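Subject: Handover of a structure and notes on its contents

Dear colleague,

Please find the structure below, with its sequence. I would be grateful if you could read the notes that follow it with the structure open.

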Amino acid sequence: MATLFRAIRHNGKAAAGLLILLLFVIMAAVPNLIVPGNPGTITDQVSQGSSGKHLLGTTALGQDVLVQVVHGARPALLIAVVAGLLATVISVLIGISAAYLGGAWDDGLNLFTDVVLVIPTLPLVIVIAGYFSHHSIFVLVIALVVTGWSYGARQLRSQALSLRNRDFLEAARVRGERRSYVIFFELLPNMTSLIVANFLGSALYSILTASGLEFLGLGDTSNSDWGTMLYWAQNQSALQTGQYVWAVAPGLCIALLGTSFALLNNAFDEISNPALRPVRRLRVAAS
């Protein structure tokens, strides 16, 4: 962990991504300490601009935009982390099991992964989310996990295939260690950086796709989330009526959160693979 934090501190992308992510984590953890209030509260001050009482103005229903933005960080992060974590777990189980077990297991699991990969993701996730009559965070997570694990499984399988015949794994098998021990205690620790990068990529996919589904009305429209804010802003013609902050603020938050995951993902690639690190110019002492 000390080596990891040292690497993050010396990587500009990782430091910037972690700083942005920590900001949203604080917003999600203690929203009432930052901006007290209920995001669903309706007042008689409709479509108001920025003021001392409402810093970002109010919506067409009289709801405080700043309160909705701050309180919307929790469900957004919840969807990104839970869906990204579950998709990563499935990717690890299928990808590494296929590579290590080999034979019929590899053929079957690899075929299943290829089938999921070639299915168009956006139409599939819309169909899955629209199939349920009750739209909730749980439904969004299911749709995101079902459509978001296959690419990571392919990457992890390729990496596991390159490690399967290494000397340290052969030594563990010669010692008579069980397959489960070899996979969890010998193989997985050597793939930690790729697994973390896969989680960050899945989280990025989850937050962007979930926001798009909520914008289309396939989420819980009664929930105070950035995607639902965009949905109501579009339905109430926020841009056409000059309420730009109502539409721009949640979109900016989604973009920043997605940027933080993308920066961390690229940084972990550079940390784990020295060939991807930027070349720094060396100062040549004048003779």
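Predicted model: local features only at pLDDT ≥ 70, side-chain atom pairs only at ≥ 80, totals over all residues.

Salt bridges

The structure holds 2 salt bridges. In one of them, the side chains of R157 and D106 meet at 2.8 Å, N to O. R157 belongs to helix α9 (residues 150–163) and D106 to helix α6 (residues 103–118), so this pair ties together parts that are 51 residues apart in sequence. Both partners lie inside the protein: R157 is buried at 16% relative accessibility, and D106 is buried at 10%.

The side chains of D114 and R154 also meet in a salt bridge, at 1.9 Å, N to O. D114 lies in helix α6 and R154 in helix α9, so the pair ties together parts that are 40 residues apart in sequence. Here D114 is partly exposed, with a relative accessibility of 29%, and R154 is partly exposed as well, at 28%.

Nonpolar cores

The largest nonpolar core has 33 residues, of which F24, V69, L77, W226, L257 and F261 touch the most other members. At least two residues of this core come from each of α2 (12–29), α4, α5 (73–101), α12 (192–215), α13 (226–235) and α14 (244–272). The largest share, 10 residues, is supplied by α14.

W226 illustrates how these parts meet. Apart from neighbours within four places in sequence, W226 is in contact with F24, Q68, V69, G72, A73, A76, P250, C253, I254 and L257. A second, separate core has 15 residues, among them L156, L169, A172 and I183.

Q68, one of the contacts of W226, sits in helix α4 (residues 65–71). Q68 has a relative accessible area of 7% and therefore counts as buried, the limit being under 20%. A polar contact of 3.0 Å links the side chain of Q68 to that of Q63. Not counting residues up to four places away in sequence, Q68 touches P39, T59, Q63, W226, M229 and W246.

T147 is located in helix α8 (residues 137–148) and is likewise buried, at 9% relative accessibility. Its side chain reaches the backbone oxygen of A143 at 2.9 Å. Beyond four places in sequence, T147 touches T121, L124, V125, I128 and Y205.

Annotated segments and helix α12

An unreviewed UniProt entry places the feature "transmembrane region" at residues 76–102, 109–131, 137–156, 183–208 and 244–264. In the model, residues 76–102 are 96% helix and 0% strand, with end C-alpha atoms 38 Å apart. Residues 244–264 are 100% helix and 0% strand, and the end C-alpha atoms of that span are 30 Å apart.

Helix α12 has 24 residues and extends 35 Å from its first C-alpha to its last, close to the 34 Å expected at 1.5 Å a residue. Just after α12, G217 adopts a positive phi of about 90°.

A starting point for viewing

With kind regards

Methods. Residues numbered from 1 in each chain as written. Heavy atoms only, no water. Helix = DSSP H or I, 4+ residues; strand = E, 2+ residues; numbered from the N terminus. Buried < 20%, exposed > 50% of the residue type's maximum accessible area, 1.4 Å probe, protein only. Polar contact = N/O pair within 3.5 Å; in protein donor to acceptor, adjacent residues only side chain to side chain. Contact = heavy atoms within 4.5 Å. Core = buried A, V, L, I, M, F, W, Y, C linked by side-chain atoms within 4.5 Å. Expected span 1.5 Å × (residues − 1). UniProt positions renumbered as here; feature names shortened; annotations may be inferred. Salt bridge = Lys/Arg side-chain N within 4 Å of Asp/Glu carboxyl O.
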